[in-house]
Each structure stands twice: as C-alpha cells, then as structure tokens.
Amino acid sequence: MDALTEGRYAGEGLLSEAEFGRSREAVTIASGAGVIKPGTVLGKSTSGANSGKYAPAPAAAADPDVGNQVAVAIALYGCDATSADQKIAVIARDAQRNGNTLTYEASVDTDNEKAAKAVQLAAVGIVVRN
C-alpha cells in the first residue's frame with residue numbers, strides 16, 4: 001500500500017488570533033517568490049520593483065534587501081507566485097503560532113536562524129510557540 005503525504009492546511013498550527021480578523025491582512029506575494037505553502041514565514045520588500053510586496057524571509061546574509069530579511073508575517077494560505085504576483089491572506093499581528101508548523105525560506109536552515117525569525121515575528125505581535 002502506498003503511503004500518502006499531506007501538505008499543510010490553511011490555518012494549521014494557528015493557536016490563537018485576535019477577534020474580528022484583526023490578526024489577518026491581505027498582501028501581495030511578489031512574482032518570482034515561487035510556491036508559497038501555508039505557514040511560510042514572510043518578509044516585506046523595502047526596495048526595488050517589489051517594494052511593499054512579500055516573499056519568504058531569507059537569512060540575513062542571503063539577501064541584500066534588508067526589509068525582506070525581516071520576518072513580519074506568516075502565510076495563512078498558499079499560492080503559486082512563480083510567474084505572477086498573487087494576493088493571499090497572512091497573519092500579520094496579535095497571534096500565536098505553533099513553531100513546528102512553520103515553513104522557512106531555504107537559507108533559514110539552522111535553529112539559530114529560526115529563533116531569529118521568531119524574535120522578528122514577536123516584534124510584530126506574533127508569538128511562536130514550540
């Protein structure tokens with residue numbers, strides 16, 4: 001019998017959020033960001049053509065766009081932004097998230113880098129619980 005592997009579901013790992021949708025925000029994922037899975041830690045670009053758009057937040061040394069390096073949101077839903085901008089809902093504030101259900105950009109691959117992203121998320125009111 002073949003084993004099936006399920007991906008993440010929208011909202012999986014969300015422990016709590018503020019009432020009336022205050023934790024959520026609609027954002028634009030930048031074209032070229034690739035496939036975004038629910039639970040992906042996102043940064044917001046502060047320069048260039050993608051200024052104001054979101055993408056997976058890389059480790060500090062991996063990207064010259066300082067704004068994009070700072071984790072400020074978590075994708076609530078997934079999308080494919082490989083070749084076009086996509087709009088999705090994110091958790092942007094006042095929430096708690098299970099850290100074991102987060103997805104990180106490929107350059108965030110050590111426990112210290114993941115802890116740094118948790119600190120960045122805490123600065124915008126998103127508490128990562130493990």
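Predicted model: local features only at pLDDT ≥ 70, side-chain atom pairs only at ≥ 80, totals over all residues.
Residues are numbered from 1 along each chain as its sequence is written, and side-chain values use heavy atoms, with hydrogens and water left out.

**Residue I74**

- I74 is buried, with a relative accessible area of 1%, where buried means under 20%, exposed over 50% and partly exposed in between (1.4 Å probe, protein chains only).
- Leaving aside neighbours within four places in sequence, I74 is in contact (heavy atoms within 4.5 Å) with G39, T40, L42, V90, I91, R97, L102, L121 and I126.
- Between the C-alpha atoms of I74 and D111, which are 37 residues apart along the chain, the separation is 18 Å.

**Nonpolar cores**

- The largest nonpolar core has 14 residues, and those with the most contacts inside it are V41, L102 and L121; such a core is a set of buried Ala, Val, Leu, Ile, Met, Phe, Trp, Tyr and Cys residues joined through side-chain atoms within 4.5 Å.
- To this core, β6 (71–75) and β10 (126–129) each supply at least two residues.
- Once its neighbours within four places in sequence are left aside, V41 is in contact with A55, P56, A57, A71, A73, L102, T103, Y104, K117 and L121.

**The three-stranded sheet**

- Three strands form an open sheet in the order β1-β9-β10, with mixed pairing; two strands pair if DSSP finds at least two bridges between them.
- β1 (14–17) and β10 stand at the edges with a single partner strand each, so one side of each is left without a neighbour in the sheet.
- From one strand to the next, the twist averages 15 degrees, with axes taken as lines fitted to C-alpha atoms (for helices, over the stretch in contact) and angles running from 0 to 180 degrees between N-to-C directions.
- β1 and strand β9 (residues 95–98) pair in the antiparallel sense over three bridges, and the bridge partner of E17 in β9 is A95.

**Salt bridges**

- Side chains of opposite charge can pair when their charged atoms come close.
- A search of the whole structure finds four salt bridges, each defined as a side-chain nitrogen of Lys or Arg within 4 Å of a carboxyl oxygen of Asp or Glu.
- One of them joins R22 to D94, with the closest N and O atoms 3.1 Å apart, and this pair links distant parts of the chain, R22 lying in the loop between β1 and β2 (24–29) and D94 in the loop between β8 (86–91) and β9, 72 residues apart.
- R22 counts as partly exposed at 48% relative accessibility, and D94 counts as partly exposed at 36%.
- R93 forms a salt bridge with E25, the closest N and O atoms being 2.3 Å apart; here R93 belongs to the loop between β8 and β9 and E25 to strand β2, 68 residues apart.
- R93 is partly exposed, with a relative accessible area of 26%, and E25 likewise counts as partly exposed, at 29%.
- D85 forms a salt bridge with K53, the closest N and O atoms being 2.5 Å apart; D85 is in the loop between β7 (79–81) and β8, and K53 is in the loop between β4 (41–44) and β5 (54–56), 32 residues apart.
- D85 is partly exposed, with a relative accessible area of 33%.

Terms used: Helix = DSSP H or I, 4+ residues; strand = E, 2+ residues; numbered from the N terminus.
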